[in-house]
Amino acid sequence: MASAASDEIDILEKAKRLIAEDYVPSEDEEYMNERQQAYFRMLLIEWKRSIHSAAGQTLQSLADGPIREADLTDRASSETDWGIELRTRDRQRKLVSKIDAALRRLDEGEYGYCEVTGDPIGLRRLIARPVATMTVEAQEAHERREKISRDD
């Protein structure tokens with residue numbers, strides 16, 4: 001089974017391929033213009049749909065029946081795989097709420113701007129992580145403060 005992070009990236013890349021319409025936001029155009037907003041809206045919606053589809057496949061597999069390996073080692077391995085799969089789906093459930101929040105920010109005209117500084121997050125960062133809420137600098141400062149708090 002794929003790791004949670006690579007599974008998340010795979011689903012995002014699939015969503016990008018599905019909406020590819022010969023347009024990718026560019027630094028040469030006005031930041032967060034209507035076309036860019038439409039692109040990110042489609043990307044977020046497709047990403048969410050892909051996550052729901054993957055979750056449906058997991059539920060179907062669970063509904064198909066319990067693990068019935070005769071060998072205890074095989075059964076333990078299968079149960080471990082299912083545990084990983086369920087943790088991945090839980091992580092994706094949390095991601096769906098971030099996607100919904102990003103869609104709300106799009107509706108409110110706040111998408112693409114840092115929630116801390118108000119500066120543009122940047123197209124490259126948003127293309128890589130469409131649910132980003134902070135600039136790279138603000139995110140790094142946040143993570144440093146978090147680390148210092150944990151170390152205390």
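1. Let's start inside helix α2, where R49 and E46 sit three residues apart, about one turn of the helix. (Helices are DSSP runs of H or I, at least four residues, numbered from the N terminus.) R49 and E46 form a salt bridge, with the closest N and O atoms 2.5 Å apart; the term means a side-chain nitrogen of Lys or Arg within 4 Å of a carboxyl oxygen of Asp or Glu. E46 is buried at 13% relative accessibility, while R49 is partly exposed at 40%. Here buried is under 20% relative accessible area, exposed is over 50%, and partly exposed is in between (1.4 Å probe, protein chains only).

2. A quick word on the source: this is a predicted model, where local features need pLDDT of at least 70, side-chain atom pairs count only at pLDDT 80 or more, and totals for chains, interfaces and linings use all residues. Residues are numbered from 1 along each chain as its sequence is written, and side-chain values use heavy atoms, leaving out hydrogens and water.

3. How many salt bridges does the count come to? Five, by that rule. One of them joins R41 and D107 at 3.0 Å, N to O. This pair links distant parts of the chain, with R41 in helix α2 (residues 34–63) and D107 in helix α3, 66 residues apart. R41 is partly exposed at 27%, and D107 is exposed at 56%.

4. Helix α3 also holds D90 and R93, three residues apart, or about one helical turn. Salt bridges that share partners join D90, R93 and K94 into one network. Between D90 and R93, the closest N and O atoms are 2.6 Å apart.

Methods: Helix = DSSP H or I, 4+ residues; strand = E, 2+ residues; numbered from the N terminus.
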